[in-house]
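Please consult the sequence and the model shown below.

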Amino acid sequence: MLVTVAGCTPGKGALDCGKRASADLNPPEKLRPFKLDFVDPDESELANGHLLVNQFNKKTESFAAAIDGCAAHVWWEKAQSQATKITRTRMGRDGRSVIFSEYDRFRLADTGEIRRHDLKTGELTVTPAEEQHHDFVEMPDGQLAWLSWQYIANDWFPSLDTDIATDAIRVADEGSDGEHEILFSVPEDSGVEMFWACRHMAPDTFVPGYAEWSHANSLMYDEDQDALFVLVRYWDALLRIERDGTLGWILGGTNNEFTVADGTELPKHGHMSEFWPGGMLVFDNRSHSGGKASRVVEYAIDEEARTVEEVWSYEEPNGQFWSYLGDARRLPGGNVVIAWSGSGQITEVNRAGEVVWSAETDHELGRLEFVEDWPWVQ
């Protein structure tokens, strides 16, 4: 069932969650509610906006959802079955629709889809997305691009009796069916020779029946540069992909092309949603880092000079290490919103590292997107 409603967007400093517009929506019981733990209405940007978020548990429920500044649900869509999982939710470029991707949570069947819900008309557009996983983007030419698995023969590791699961970026016109074009193949187009990336490559660790080499988990598109950016988690590397499918550069990992400033620590097995000309924001899980706490870190990047420098970070306040998921987004006024996925907690912090908004739920969390003005039908 598709549900949407006007969210509460009071003036800054005037948040009144006792009279929120979403109070009568009655979300389904399995969509676990958020509890607003703390808000500073004079400093919080979330208090006057909305968040798109993915909620799920590991075995059954999965939702795309939106919450308002009071942490109340104003929209949701449930996964089509317990065997599928919604992996990314984005606001449509038209400003009135929500787009979300869904795939087989057990990674046994090719059931990937990208769906668009028009919040004004209720229309639902479905695009079959071959071997889709983790992330997708909507581009201005009407095409969708998504991360997809690519399976290749194992000609490198004689001790393994499985083939290799790696990654590609596929593109297609929205609503198209059938096989879709591979824009960029990680094993064929990256120029990286096959190597043993880390212990997570072991067979059946993530993709049943395969040893997984790259594990791309984040896809971004920058319209100013007309380029795609993909984070390859097992390599700890970010790749720039030109719109024609050629490789622009590699930042991090064994094939790093950037000079790393003194005192800068590059991400270890991170997740991310934002790259912009001159910088990026990463949820740095810090796997293989000797027990360091997970953190959010911003980097300044000079693509022409090929330099990268850490300029801001915020460490998990309880020293917790999260081995999976996590996300962070910049807000228009400079604050940063963070999903500590495994804990079900979302926090907004300012640049001084002070928490100005915090909420939690019994669900685990996926990716985030801030929506300043939530679209709705009167």
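Which residues line the largest cavity? The lining comprises Leu231, Asp236, Ala237, Leu238, Leu251, Gly252, Leu266, Pro267, His269, Gly270 and Met280.

## Basis of the model

The model is predicted: local features need pLDDT of at least 70, side-chain atom pairs count only at pLDDT 80 or more, and totals for chains, interfaces and linings use all residues. Residues are numbered from 1 along each chain as its sequence is written, and side-chain values use heavy atoms, with hydrogens and water left out.

## Cavities

A cavity is a set of points, on a 1 Å grid over the protein atoms alone, where a 1.4 Å probe fits but cannot get out; lining residues have an atom within 4 Å of a point. Grid points are joined across faces, edges and corners, and a volume is the space filled by probe spheres set on the points.

The lining of the largest cavity has seven nonpolar, three polar and one charged residues. In this division Ala, Val, Leu, Ile, Met, Phe, Trp, Tyr, Cys and Pro are nonpolar, Asp, Glu, Lys and Arg are charged, and the others, Gly among them, are polar.

## Pockets

A pocket is an open set of grid points with protein on both sides within 12 Å along at least five of seven lines. The largest pocket has a volume of about 790 Å³. Of its 33 lining residues, Lys85, Arg107, Phe206, Tyr324 and Leu325 are the closest to the centre. Strands are DSSP runs (E, at least two residues), numbered from the N terminus; β3, β6 (84-91) and β28 (364-371) are the elements giving two or more residues to this lining. By class, the lining of the largest pocket holds nine nonpolar, 14 polar and ten charged residues.

The second largest pocket has a volume of about 610 Å³. Among the 19 residues lining it, Arg90, Arg93, Tyr221, Arg329 and Glu369 are the closest to its centre. The lining of the second largest pocket is made up of seven nonpolar, two polar and ten charged residues.

## Salt bridges

The whole structure contains 28 salt bridges, each a side-chain nitrogen of Lys or Arg within 4 Å of a carboxyl oxygen of Asp or Glu. Glu61 pairs with Lys30, with the closest N and O atoms 3.6 Å apart. This pair links distant parts of the chain, 31 residues apart. Glu61 is buried, at 10% relative accessible area, whereas Lys30 is partly exposed, at 45%; buried means under 20%, exposed over 50%, and partly exposed in between (1.4 Å probe, protein chains only).

Glu130 and Arg170 form a salt bridge at 3.5 Å, N to O. Glu130 lies in the loop between β9 (124-128) and β10 (132-138), and Arg170 in strand β12 (residues 163-173). Both are buried, Glu130 at 19% relative accessibility and Arg170 at 9%. In a further salt bridge, Arg243 and Asp141 have their closest N and O atoms 3.0 Å apart.

## Asp118

Asp118 belongs to strand β8 (residues 113-118) and is buried at 10% relative accessibility. Its side chain makes a polar contact with that of Arg96 at 2.8 Å. A polar contact is a pair of N or O atoms within 3.5 Å; within protein, one must be able to donate a hydrogen and the other to accept it, and residues adjacent in sequence count only if both atoms are side-chain atoms.

Technical notes:
Helices (H or I, at least four residues) and strands (E, at least two) are DSSP runs, numbered from the N terminus.
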